[in-house]
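Please keep the sequence and the three-dimensional view at hand while reading.

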Amino acid sequence: MAKLARVRCINKTDRMNPHERIESAGGEYSNGSQCKQSVVQTIRDIESGEWEFYVEEDRLMAGVVVAEHNGRKYIKTTADGVQPDNLLSLAECP
């Protein structure tokens, strides 16, 4: 069974393309400890099946998945269409 982590914040790049905007994601593990890591590591963790990440807003949960656009992998939530809007709307990580 995969371990769970809730994404509560992100850091953005200066790029305007939504598929390249997220640089890192932060939040907390299911045991309450804090985490922050690069999107590259988050993609590895999701693809390995070891971790599941999610976003929760107003008691609604959306899983974070790996998607690909023009040959570039990025993360988005299952609730999003093509663009990672749920993640992009999160606050900036400290």
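Strand 1 and strand 4 (residues 51-57) run parallel and are joined by four bridges. The model is a predicted one, in which local features need pLDDT of at least 70 and side-chain atom pairs count only at pLDDT 80 or more, while totals for chains, interfaces and linings use all residues. Residues are numbered from 1 along each chain as its sequence is written, and side-chain values use heavy atoms, with hydrogens and water left out.

**Strand pairing**

- Strands here (E, at least two residues) are DSSP runs, numbered from the N terminus, and two strands pair if DSSP finds at least two bridges between them.
- Within the pairing of strand 1 with strand 4, the bridge partner of K3 is W51.
- Strand 1 also pairs with strand 2 (residues 22-29), in the antiparallel sense and over seven bridges; here V7 stands opposite G27.
- With strand 7, strand 1 pairs in the parallel sense over two bridges, and C9 stands opposite A91 of strand 7.
- Strand 2 runs antiparallel to strand 3, with five bridges joining them; S24 has S38 in strand 3 as its bridge partner.

**Cysteines**

- One disulfide (a pair of cysteine sulfur atoms within 2.5 Å) is found in a search of the whole structure.
- The disulfide is formed by C9 and C93, whose sulfur atoms are 2.1 Å apart.
- This pair links distant parts of the chain: C9 belongs to strand 1 (residues 3-12), whereas C93 lies in the segment after strand 7 (91-92), 84 residues apart.
- The disulfide is right-handed because the torsion about the S-S bond of C9 and C93 is about 100°.
- Both C9 and C93 are buried; buried means under 20% relative accessible area, exposed means over 50%, and partly exposed lies in between, using a 1.4 Å probe and protein chains only.
- C35 is in no disulfide, and the nearest cysteine sulfur, that of C9, is 8.3 Å away.
- C35 counts as buried because its relative accessibility is 14%.

**The cavity**

- A cavity is defined on a 1 Å grid over the protein atoms alone, as a set of points where a 1.4 Å probe fits but cannot get out; lining residues have an atom within 4 Å of a point.
- Grid points are joined across faces, edges and corners, and a volume is the space filled by probe spheres set on the points.
- By this rule there is one cavity of 30 Å³ or more, and the largest cavity holds about 40 Å³ of space.
- The largest cavity is lined by V7, A25, G26, C35, Q37, T42 and F53.
- Strand 2 and strand 3 (34-38) each supply at least two residues of this lining.

**Two residues within strands**

- R8 is found in strand 1 and counts as partly exposed because its relative accessibility is 38%.
- R8 is in contact (heavy atoms within 4.5 Å) with G26, G27, E28, L90 and A91, not counting residues up to four places away in sequence.
- The side chains of R8 and E28 make a polar contact of 3.4 Å; a polar contact is a pair of N or O atoms within 3.5 Å, where within protein one must be able to donate a hydrogen and the other to accept it, and residues adjacent in sequence count only if both atoms are side-chain atoms.
- T77 lies in strand 6 (residues 72-77) and is buried, because its relative accessible area is 0%.
- The side chain of T77 makes a polar contact of 2.8 Å with that of N86.

**Backbone angles in the loops**

- Most residues other than glycine have a negative phi.
- R59 has a positive phi near 65° and is placed in the loop between strand 4 and strand 5 (60-69).
- R59 counts as exposed because its relative accessibility is 79%.
- N70, which is not a glycine, has a positive phi of about 50°; its place is in the loop between strand 5 and strand 6.
- N70 is exposed because its relative accessible area is 72%.
- In the hairpin of strand 2 and strand 3, which has four residues between the strands, G32 takes a positive phi near 95°.

How values were computed:
On a 1 Å grid over the protein atoms alone, a cavity is a set of points where a 1.4 Å probe fits but cannot get out, and a pocket is an open set with protein on both sides within 12 Å along at least five of seven lines; lining residues have an atom within 4 Å of a point.
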